Amino acid sequence: MDEVLRASHVRMWFPVKNKGNVKAVDDVSLTLRNGETYGLVGESGCGKSTLGRILCRLLEPTDGEIWLFGKNISHDSEKALRPYRSKIQMAFQDPYSSLNPRIRVGDALMEVLKIHKRGNAAERMEAAMEIMDSVGLRKEHFYRFPHEFSGGQRQRIGLARALILNPEILICDEPVSALDVSIQSQIINLLCDLQQSRKLTYLFISHDMSVIRYISDRVGVMYLGHLVEEAECDEVFRRPMHPYTRLLLSAVPSIDPHAEKTRKRLEGDIPSPIDPPSGCVFHTRCPWARESCSRVAPEMRHVDRDHFCACPYAEEI
């Protein structure tokens, strides 16, 4: 498949007065292929959402490069980015906070088209009605305010606003984590249907391994700003290599009555991103850590086919 988006050695450091830098994303490289769903998973605070915002250039990276359809957009101005905004969009975890409570939903959708100078008033209204129908909203919802909708309906509004420009890439930042389980399944199935009908490429950010397994083609695992493992989805769940990935999967509930006997717990808290551990950032919580892990920072290495892992002792564990 063709490459549509690539991050190369991206860093995002936020300065903190008298304390140094919060290393939210630290030397991450990944590639999105045309038409796939790339699942990005990890604990809260690992840098997933920050990376998503960097990839769609809501944030300018401290270092590294972002390539979108062969064009380096890492440090482009807002004016230079304008033609690319319609090609990559983002759906947020809480769409209500990104919607103006004083503006009706239909007007919010048409505003996107107006900013990008698409069509006249009648054409913009028709496009807004059409996209609302495609995400499961009714025509009467056009005239309502955001507070009149449920959580699932608000997420559909967020998807409608992201898709109204017909983007090729959609970054989904935990779009179902705040929803009831039954509503989660509806939104996930909607995303799958939209991907097929609109030929979309997804970066799907989540901390829920079961959701990642259902929707993803490839999976990247993040920990404390670092990508520690990457592989095809089935491969990650069948043969996890990095200790962190193994512990994440071990925490997933199982109906197997014997699973508890072999389950390992992920102990301790995530270290501060202002002062991350030396060497391997995971060694302070790793039950298989060795003396050298605290001194040498591992690099992502090729393990098997498209399987990459940032642990030199992965095969020995």
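**Close-up 1. Tyr-223, Tyr-244 and Phe-282 form one aromatic cluster.** This is a predicted model, in which local features need pLDDT of at least 70 and side-chain atom pairs count only at pLDDT 80 or more, while totals for chains, interfaces and linings use all residues. Residues are numbered from 1 along each chain as its sequence is written, and side-chain values use heavy atoms, with hydrogens and water left out. Rings of Phe, Tyr and Trp (its six-membered ring) pair if their centres lie within 6.5 Å; planes under 30 degrees apart are called stacked, over 60 edge-to-face, and the rest tilted. The count by this rule is 4 aromatic pairs. In the pair of Tyr-223 and Phe-282, the ring centres are 5.0 Å apart and the planes meet at 85°, so this pair is edge-to-face. It links distant parts of the chain, 59 residues apart: Tyr-223 belongs to strand E9 (residues 218–223), and Phe-282 to the loop between helix H10 (259–262) and strand E11 (301–304). Helices (H or I, at least four residues) and strands (E, at least two) are DSSP runs, numbered from the N terminus.

**Close-up 2. Are Tyr-223 and Phe-282 buried or exposed?** Buried means under 20% relative accessible area, exposed over 50%, and partly exposed in between (1.4 Å probe, protein chains only). Tyr-223 has a relative accessible area of 1%, so Tyr-223 is buried. Phe-282 is buried too, at 2%.

**Close-up 3. Two charged side chains sit over rings.** The rule asks for NZ of Lys or CZ of Arg within 6 Å of the ring centre and within 35 degrees of the ring normal. Look for Lys-87 over the face of Phe-69, 5.4 Å from the ring centre. Arg-290 places its charged end over the ring of Tyr-313, at 4.3 Å from the centre.

**Close-up 4. Cys-56 is in no disulfide.** A disulfide is a covalent bond between the sulfur atoms of two cysteines. Here the test is a pair of cysteine sulfur atoms within 2.5 Å, and the count comes to 0. For Cys-56, the nearest cysteine sulfur is that of Cys-172, 11 Å away. Cys-56 is buried, with a relative accessible area of 6%.

**Close-up 5. Cys-192 has its closest cysteine sulfur in Cys-172.** The sulfur of Cys-192 is 10 Å from that of Cys-172, so the two are too far apart for a bond. Cys-192 counts as partly exposed, with 23% relative accessibility.
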